Amino acid sequence: MSKHQRNILISGASRGIGRSIAEQAFKDGHNVSIGLRDLKSVEESKGSTFRIKDDSLMFSKYEAKDKTSAELWVEKTKDKYGKIDTLIHCAGILKKTPFNYEDDEEEDIEELWKVNLMGPWILTRACWKYLIKNKDSRIIVLISMSGKRSKGKLASYTTTKFALMGLSQTIRNEGWDYGLRVTTINPGWVNTQMASDVRSIRKEEMTQPKDIGLIVSRILELPNNCIPFEININCNLEKI
Ligand SMILES: NC(=O)c1ccc[n+]([C@@H]2O[C@H](COP(=O)([O-])OP(=O)(O)OC[C@H]3O[C@@H](n4cnc5c(N)ncnc54)[C@H](OP(=O)(O)O)[C@@H]3O)[C@@H](O)[C@H]2O)c1
């Protein structure tokens, strides 16, 4: 049981990094509210450590491109747990649209902006009035090393992640005096479905999602005067 029980909203926890963070948070004794596109995806997944009927766990329909679903999820969580002091953004998509994209790839670029940038923006805005009521709220944003440097030709993904970094830094500025602290987590390759077709590095050599779950678990225990602004994580040496 964590020393400080938090009421956590987390997106992108049907699988991958979000799922590992949510399972660890649940294990640590926090109340965990998961926003999902497909409500059955967690219940049906194998090897889950969730106790689906547990009072410390709730699920709500959430589509990052749908503002109403974000607002309803936030209100349902507030009604159930009384307050919201932690928001963790893990929903995200990767499309390999390059700078010199084909005409029919414009929709892909728009979708990336909607999910990777506007999704977290709208959800944070919907939570804001609850987050700033506490003196020690937390926002954790899964960005990427692609939010810090451009490697290869992933123009569309990389630009959304740079923008998400800018948004996260601004939210940090606006929330600081309310005791709200924002941490961005910036991994290289992590062994999830998103990295399933990566061939340059073996799956077991990639960062494992459960280890990111442990990092987040630790951040949630730290006091306001010791919060990392950014955590860059890599599984291989990037030559500068
Ligand atoms: N894996 C990596 O190598 C890596 C590296 C750096 C950063 N990241 C970032 O870390 C985050 C999590 O990635 P991951 O590796 O865990 O990816 P993942 O396994 O593909 O999981 C992505 C999650 O986002 C959800 N999602 C996607 N589109 C959504 C939408 N429109 N509305 C609501 N939820 C949506 C998915 O839900 P559904 O089940 O409904 O599809 C899923 O839960 C992402 O932001 C990603 O960019 C990943």
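Modeller: Let's start with helix 5, residues 155-175. At 1.5 Å a residue, its 21 residues should span 30 Å, and since its end C-alpha atoms are 30 Å apart, the two values agree. The expected span here is 1.5 Å times one less than the number of residues. Helices (H or I, at least four residues) and strands (E, at least two) are DSSP runs, numbered from the N terminus.

Keep in mind that this is a predicted model: local features need pLDDT of at least 70, side-chain atom pairs count only at pLDDT 80 or more, and totals for chains, interfaces and linings use all residues. Residue numbers run from 1 along each chain as its sequence is written.

Back to helix 5, where the buried residues are Ser156, Tyr157, Thr158, Thr159, Thr160, Lys161, Leu164, Ser168 and Ile171. A residue is buried if 20 or more other C-beta atoms lie within 10 Å of its own, exposed if 12 or fewer, and partly exposed in between, with C-beta atoms placed from the backbone. The buried residues of helix 5 pack against helix 4, strand 5 (138-142) and strand 6 (181-187). Contact means that two C-beta atoms, placed from the backbone, lie within 7 Å.

The 26 residues of helix 4 should span 38 Å at 1.5 Å a residue, and its end C-alpha atoms are 35 Å apart, which agrees. Look for a bend of about 45° at Met118, with a proline, Pro120, following within four residues. That bend is the angle between axes fitted to the seven residues ending at a residue and the seven starting there.

Gly119 also sits in helix 4. Gly119 counts as buried because it has 26 C-beta neighbours inside 10 Å. Not counting residues up to four places away in sequence, Gly119 touches Ala64, Lys65, Ala91 and Lys114. Gly119 and His89 are 30 residues apart in sequence, yet 8.9 Å apart in space, C-alpha to C-alpha.

Next comes the largest nonpolar core, which has 51 residues. Ile10, Ile21, Ala22, Ile34, Ile88, Cys90 and Cys127 have the most contacts inside this core. Helix 4 (residues 106-131) gives the most to it, with nine residues. A nonpolar core is a set of buried Ala, Val, Leu, Ile, Met, Phe, Trp, Tyr and Cys residues joined through C-beta atoms within 7 Å. In soluble globular proteins, nonpolar side chains tend to be buried together.

Ile21 takes us to helix 1, where it is one of the buried residues. Leaving aside neighbours within four places in sequence, Ile21 is in contact with Ile10, Ile88, Cys90, Ile212, Gly213 and Val216. Helix 1 is largely enclosed by the rest of the structure, because 11 of its 12 residues are buried. Its buried residues pack against strand 1, strand 2 (31-36), strand 3 (57-61), strand 4 (86-89), strand 5 and helix 6 (209-219).

Glu23 belongs to helix 1 too. With 20 other C-beta atoms within 10 Å, Glu23 is buried. Glu23 touches Thr49, Phe50 and Gly213, not counting residues up to four places away in sequence. Just after helix 1, Gly29 takes a positive phi of about 95°.

Phe50 is also a contact of Val42, which lies in helix 2 (residues 40-44). Val42 is buried, with 20 other C-beta atoms within 10 Å. Val42 and Ser14 are 28 residues apart in sequence and 5.6 Å apart in space, C-alpha to C-alpha.

Last stop: the ligand. Of the 29 residues around it, Gly12, Gly16, Ala64, Gly92 and Thr192 come nearest. A residue is near a molecule if its C-beta atom, placed from the backbone, lies within 6 Å of it. Helix 1 (residues 16-27) gives the largest share of this shell, three residues. By class, the shell has 14 nonpolar, 10 polar and five charged residues. Ala, Val, Leu, Ile, Met, Phe, Trp, Tyr, Cys and Pro count as nonpolar, Asp, Glu, Lys and Arg as charged, and the others, Gly among them, as polar.
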